[in-house]
Amino acid sequence: MEDTKSYKGLTLAEVEESRKQYGSNVLTPPKKDSLWSQFVKKFKDPLIIILLIAGVLSIGISLYEYYYLKQGASVFFEPGGIFIAILLATGLAFYFEMKAEQEFQVLNRVNDDEPVQVIREGNAIEIPKKDVVTGDIVIVTTGEEVPADGELLESVMLSVDESTLTGEPIAEKTTDSARFDKDATFPSNHLMRGTKVMEGHGVMKVFAVGDHTENGKVFKAATIDDSVKTPLDEQLERLGSLVSKASYTIGALIVVGRLVQYYFHTVGEPFDVVAAIAYFLQTIMIAVTLIVVAVPEGLPMAVNLSLAYSMRRMLKTNNLVRKMHACETMGATTVICTDKTGTLTQNRMQVADAKFFGNPSDEIIYEGIAVNSTAQLDLSGEKPTVLGNPTEGALLLWLTEKGVNYKELKNKAVNVEELPFSTERKYMATVVKSSTGKKILYIKGAPEIIFGMCKNTAGVTKAEIDAQLLVYQNQAMRTLAFAYQELDDTDKAIEDKKVVADNLTFLGIVAISDPVRPDVPEAVKEVTDAGIAIKIVTGDTPATAKEIGRQIGLWNDSTDGDINIITGPEFAALTDQEVYERVMDLKIIARARPMDKKRLVETLQKHNQVVAVTGDGTNDAPALKAAHVGLSMGDGTSVAKEASDITIVDNSFASIGRAVMWGRSLYRNIQRFILFQLTVNVAACLIVLAGAFMGTESPLTVTQMLWVNLIMDTFAAMALASLPPTRRVMEDKPRDRRKFIINRPMWNFIIGVGLLFFVILLCLLHIFESYSVQSITELFGWMPQQAGTPSLTAIELSMFFTIFVFLQFWNMFNARAFGTEMSALHLKDCSEFKLIVFFIFVGQIAIVNIGGNFFSVCPISLVDWLIIIGSTSIVLWIGELMRFIRRKAKNDKVS
């Protein structure tokens with residue numbers, strides 16, 4: 001490798017000039033269909049097409065009645081109302097789906113804010129990927145995604161995954177022209193945007209950004225992944241099929257019933273072709289409209305809206321959802337396998353103690369730390385900020401506190417050879433031509449590994465080192481050891497990706513502290529109380545891992561023992577059957593390696609556990625992919641993030657607990673929507689079917705049913721999907737993902753309440769058919785005196801329609817409170833729900849008062865409004881009473 005240079009990078013003025021000349025580092029997304037095209041697609045639904053055809057035929061009949069039968073312009077009201085209702089329903093569905101898509105696009109753009117290390121004005125700083133410009137000096141390290149196209153200035157054992165561009169999983173990159181691969185798709189000294197650094201590190205100068213990169217030329221917008229079919233998807237498909245079949249059956253029965261009734265009513269009368277066609281057409285429209293109402297086409301939208309709201313709000317709680325199915329799956333999680341550093345701890349590494357042996361010179365210690373490091377310090381602010389590995393950064397901060405300029409030491413030494421850190425070796429090494437003129441090998445890593453490699457132990461024994469390490473580890477401190485060797489020209493230092501020098505001198509050990517996050521113990525308790533097991537998988541020693549377990553409340557010395565902890569090598573030595581038998585008892589795997597984590601995940605899955613796993617390194621990718629939910633860390637590598645389903649932006653375990661809460665709440669919101677929709681289905685289908693066989697006009701007209709469909713599908717989906725999460729869901733045990741989404745209490749509610757509504761409405765329909773009712777107040781005289789006609793009058797249709805809608809209106813409050821013992825009127829943080837409830841309330845009043853012939857209604861009196869609203873609200877009050885009784889019984893049981 002060439003000598004390390006002291007790069008100056010661009011000035012702020014040069015950055016702005018470059019951005020003006022070459023553009024920003026953002027890819028232009030592919031062109032999408034126009035909004036008009038997307039809106040037109042809403043009309044391709046087969047049922048909507050049938051309604052549109054029926055509407056067109058209805059207009060034809062209205063034209064015939066108007067021009068040839070000389071009837072008034074009112075004949076156009078019903079077909080006009082049908083088209084307005086269809087436009088309203090499809091338009092609002094289109095609007096809400098567009099809003100959901102916008103939510104997803106916001107989440108996709110987060111990738112442009114990934115941090116990138118660059119050198120500007122002589123200082124290493126971190127900037128968002130989108131701010132990289134042509135001419136920038138960029139530092140790339142293992143696990144990172146290359147932010148732009150660039151030419152290498154330095155490289156150390158650099159391997160890049162170019163599969164996104166060339167299909168080549170590993171491409172060696174170098175600045176040594178003698179090692180260039182002439183057959184490579186891209187030059188061996190070029191790094192391309194979107195490729196990933198799998199090993200080593202380097203420095204490059206950007207020569208293309210954004211659309212001008214090779215990646216930009218073949219760009220396909222990365223989108224939220226919704227291709228995975230989860231158990232929830234399968235359950236919803238099952239539910240949709242069940243409801244659809246039932247709806248089609250009822251629709252066919254309605255057609256049969258109305259045609260039979262028409263035949264008996266017209267027997268002996270002259271056959272009127274136009275009237276027969278009009279009646280048949282109206283029958284088809286009623287049947288199709290009922291199917292439109294009953295078929296849960298709003299269910300996918302409800303799920304998508306729930307996901308969109310959840311994903312956006314989860315981002316505010318530091319959970320960036322990358323794959324849609326992860327929202328739902330987190331709610332079913334039974335085991336969380338978590339890292340220690342940064343997740344359970346604060347990731348604020350600082351040197352707590354340092355012990356060096358044999359009186360080595362400060363120059364050797366300081367130079368060894370400065371040159372054998374991939375971290376940088378951003379010194380542009382009031383306090384130095386670590387860029388790169390936090391552990392290495394802690395060592396650089398220690399030097400800075402001692403007044404040592406690590407950059408000067410690094411620049412004075414000439415790098416000869418490097419061996420990057422790996423989890424398999426557990427050490428890293430650098431050979432430099434020191435400022436003293438000597439050639440020196442510096443090495444640092446796990447103390448037990450480094451001490452074992454040393455020939456000269458500086459007068460200290462392994463027992464003394466082990467005793468000191470145990471003291472540090474019992475305080476949950478991370479430890480590193482250091483060694484060096486002065487080399488002759490003939491000495492070999494590094495071969496076959498390992499240190500082969502045989503005369504190393506042990507320097508000493510450093511203890512680095514990383515305090516437990518203050519919110520983690522409470523978060524761990526919340527998660528374990530929710531029935532979720534936690535397993536710590538860490539590269540630290542058993543003593544360190546156990547101490548962290550004690551501090552967070554996971555490890556109890558009086559109840560936990562050797563059966564609950566294992567080391568990586570011990571775990572690897574077990575047979576698959578032995579792992580299967582032990583895995584449920586394990587709480588900690590110490591000195592773990594990446595494949596240990598993958599094996600742990602796969603074995604837990606054999607126990608039918610739903611596993612979420614955290615990871616931040618490139619080597620964690622297999623475990624992240626194997627888990628039901630992969631959780632990458634915000635400061636993790638791009639490779640880990642790519643393999644994950646959710647990124648924990650702040651790295652905190654508390655955020656993982658919140659993700660579980662969101663997942664459970666999301667599932668419950670979907671259940672609430674299904675509960676509400678199917679209850680309306682039962683009532684609407686049965687009452688229209690009964691009306692068909694009772695020989696009357698449909699008690700609900702086509703336009704009225706389309707309004708009910710709008711309430712039930714679009715508005716209810718919005719109202720119930722947007723309900724905020726509640727911590728009460730964390731009191732439940734994890735649900736069985738294989739169980740059907742409609743449980744027994746839901747079936748009881750749907751059938752019981754649906755049949756109750758049907759009986760109420762059937763009685764009302766019978767009264768309206770038997771007697772002429774002009775006001776609800778007449779019902780209080782037991783029975784009106786004036787006989788009615790088989791056809792419902794406009795005022796009767798208005799009252800029946802309004803009573804039907806308000807029964808569903810109040811039932812939506814019960815659905816909102818389902819699954820809790822809380823009052824349905826507890827609406828804190830439910831602004832969307834309150835807004836939609838208000839819109840339905842005002843909308844119904846407006847339709848009845850000004851809808852006229854479009855909705856086959858006429859205004860009703862204020863007294864009737866008050867009576868209908870008050871009497872139908874008993875649905876809510878009965879629900880409140882039942883919740884109060886259950887709440888009181890639960891409290892009495894606890895006391």
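Two exercises with worked solutions follow, on a predicted model.

Residues are numbered from 1 along each chain as its sequence is written. In this predicted model local features need pLDDT of at least 70, side-chain atom pairs count only at pLDDT 80 or more, and totals for chains, interfaces and linings use all residues, while side-chain values use heavy atoms, with hydrogens and water left out.

**Exercise 1.** Describe how helix α25 packs with helix α26.

*Solution.* Begin with the geometry: α25 (residues 794-817) and α26 (residues 831-850) pack at an angle of about 175°, and their axes are 11 Å apart. That makes α25 roughly antiparallel to α26, a term for angles over 145 degrees between N-to-C directions. Next, take the residues that meet (contact means heavy atoms within 4.5 Å): among them are Phe-801, Val-805 and Phe-806 in α25, and Phe-833, Ile-840 and Phe-841 in α26. Finally, sort the residues of this contact by class, which gives 12 nonpolar, 3 polar and 1 charged; here Ala, Val, Leu, Ile, Met, Phe, Trp, Tyr, Cys and Pro count as nonpolar, Asp, Glu, Lys and Arg as charged, and the others, Gly among them, as polar.

**Exercise 2.** Characterise the ring pair of Phe-806 and Phe-841.

*Solution.* The structure holds 15 aromatic pairs, defined by ring centres within 6.5 Å. In this one the centres of Phe-806 and Phe-841 are 5.6 Å apart and the planes stand at 85°, so the pair is edge-to-face, a label for planes over 60 degrees apart. For accessibility, Phe-806 counts as buried at 1% (under 20% relative accessible area, with a 1.4 Å probe and protein chains only), whereas Phe-841, at 26%, is partly exposed (between under 20% and over 50%).

Definitions and conventions. Axes fitted to C-alpha atoms, helices over the stretch in contact; angles between N-to-C directions. Helix = DSSP H or I, 4+ residues; strand = E, 2+ residues; numbered from the N terminus. Parallel < 35°, antiparallel > 145°, perpendicular 65-115°, else oblique. Phe/Tyr/Trp six-rings, centres within 6.5 Å; stacked < 30°, edge-to-face > 60°.
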